[in-house]
There are 2 protein chains.
Amino acid sequence: MRKDSRLSRVLHILVHMAAIARPVTSEEMAEMISTNPVVVRRTMALLRDANYVTSTKGHHGGWLLAKPLANITLLDIHHALGESSIFTIGLSDEHSHCVIEQAVNTALKDVMDEAKALMLQRFGQITLDQLGADRISSYLNKG
Amino acid sequence: MRKDSRLSRVLHILVHMAAIARPVTSEEMAEMISTNPVVVRRTMALLRDANYVTSTKGHHGGWLLAKPLANITLLDIHHALGESSIFTIGLSDEHSHCVIEQAVNTALKDVMDEAKALMLQRFGQITLDQLGADRISSYLNKG
DNA sequence: TGAAAGGTAACTTTTATTGTTACATAAGAT
DNA sequence: ATCTTATGTAACAATAAAAGTTACCTTTCA
């Protein structure tokens, strides 16, 4: 299964955007993450749908943040990207009538649900403005 | 990303094995999980390498548990299947020199590590014999 | 009206899992 | 002895999801 790197990539872009006081084009963003503009538009469109960014066409167009990074959490962006499964571990479903299969799947699902809940809770505690600040303080601390 | 359903499938097989007092063939196991014997051998071979099962060739051959289910945890089996990533979320690595990318990835990695630690801890607390017992008691409780 | 931007559909590439075929080897049954 | 029943394994095909690419559209402003 190929990894979904959209969250990492789009967070990278958003933090850059906050430091650039003008519309940023898909072309520029594509260079930030070494891909092409269509891939960028595809992901950014989801954030626009959730009102975290706006886009304008034509000359001097591009993308702008719709709110300060301090008002956006990792969870917000995660959700904006859609409700896809976060685990590579899947449950079998060949014989859903088998009580053993049901017991196995219930046990696995309970654990995965708990881990997911923890992860989303942590994501909800981190705002995007902390990503820059965290980095600077750890840089100063480590030399 | 396609899900890795080996853990769920092989747990299903192991619990069945405990209830069958003779060597179980790959053919029989393949029917349990609706696949073919080669797929079964591929996964079971990993469990044999980790000494959870044994296999014998020829007439009346097949697979046997090497220890009681009570002595095997979900974590044991998870580890026996190899150290593959459990998350579909990947980190970008286009520009590892960019401090913003590093800050984003560190934040994501910290959260994922924490969620993974919780998941593995829970897996370590569940022995395979509980899968049958859990199911029966929940069945009785729910009617 | 031409250049610069986003919008989007359709298709290809990539990557990991799963499935399949084929054949070798081992061990007990006849 | 040799046939049958098993596992062992290599090589290849099918499947599925993300990412990449191409092509063409519309919008906006100089």
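At what angle do the axes of helix α1 (residues 6-18) of chain A and helix α3 (residues 37-49) of chain A cross? They cross at roughly 80° and come within 11 Å. This is a predicted model, in which local features need pLDDT of at least 70 and side-chain atom pairs count only at pLDDT 80 or more, while totals for chains, interfaces and linings use all residues. Residues are numbered from 1 along each chain as its sequence is written, chains are lettered from A and ligands numbered from 1 in the order in which they are written, and side-chain values use heavy atoms, with hydrogens and water left out.

**Helices α1 and α3 of chain A**
- Axes are lines fitted to C-alpha atoms, for helices over the stretch in contact, with angles from 0 to 180 degrees between N-to-C directions; helices are DSSP runs (H or I, at least four residues), numbered from the N terminus.
- A:Arg6, A:Arg9, A:Val10, A:Ile13, A:Leu14 and A:Met17 of α1(A) make the contact with A:Val39, A:Thr43, A:Met44, A:Leu46 and A:Leu47 of α3(A) (heavy atoms within 4.5 Å).
- Eight nonpolar, one polar and two charged residues form this contact (Ala, Val, Leu, Ile, Met, Phe, Trp, Tyr, Cys and Pro count as nonpolar, Asp, Glu, Lys and Arg as charged, and the others, Gly among them, as polar).

**Helices α1 and α3 of chain B**
- In chain B, the axes of α1(B) and α3(B) come within 11 Å and cross at roughly 80°, and these helices are therefore roughly perpendicular to each other.
- Residues of α1(B) in the contact include B:Arg6 and B:Arg9, and those of α3(B) include B:Val39 and B:Thr43.

**Helix α5 between the chains**
- Helix α5 (residues 99-125) of chain A packs with helix α5 (residues 99-125) of chain B at an angle of about 155°, their axes 9 Å apart.
- That angle makes α5(A) roughly antiparallel to α5(B).
- By class, their contact has 14 nonpolar, no polar and four charged residues.
- Among the residues that meet are A:Leu108, A:Glu114 and A:Phe123 in α5(A) and B:Leu108, B:Glu114 and B:Phe123 in α5(B).

**Lining of the largest pocket**
- α1 (6-18) and α3 (37-49) of chain B each supply at least two residues of the lining.
- The largest share, six residues, comes from α3(B).
- The lining divides into seven nonpolar, two polar and six charged residues.

Key:
Angles under 35 degrees count as roughly parallel, over 145 as roughly antiparallel, 65 to 115 as roughly perpendicular and the rest as oblique.
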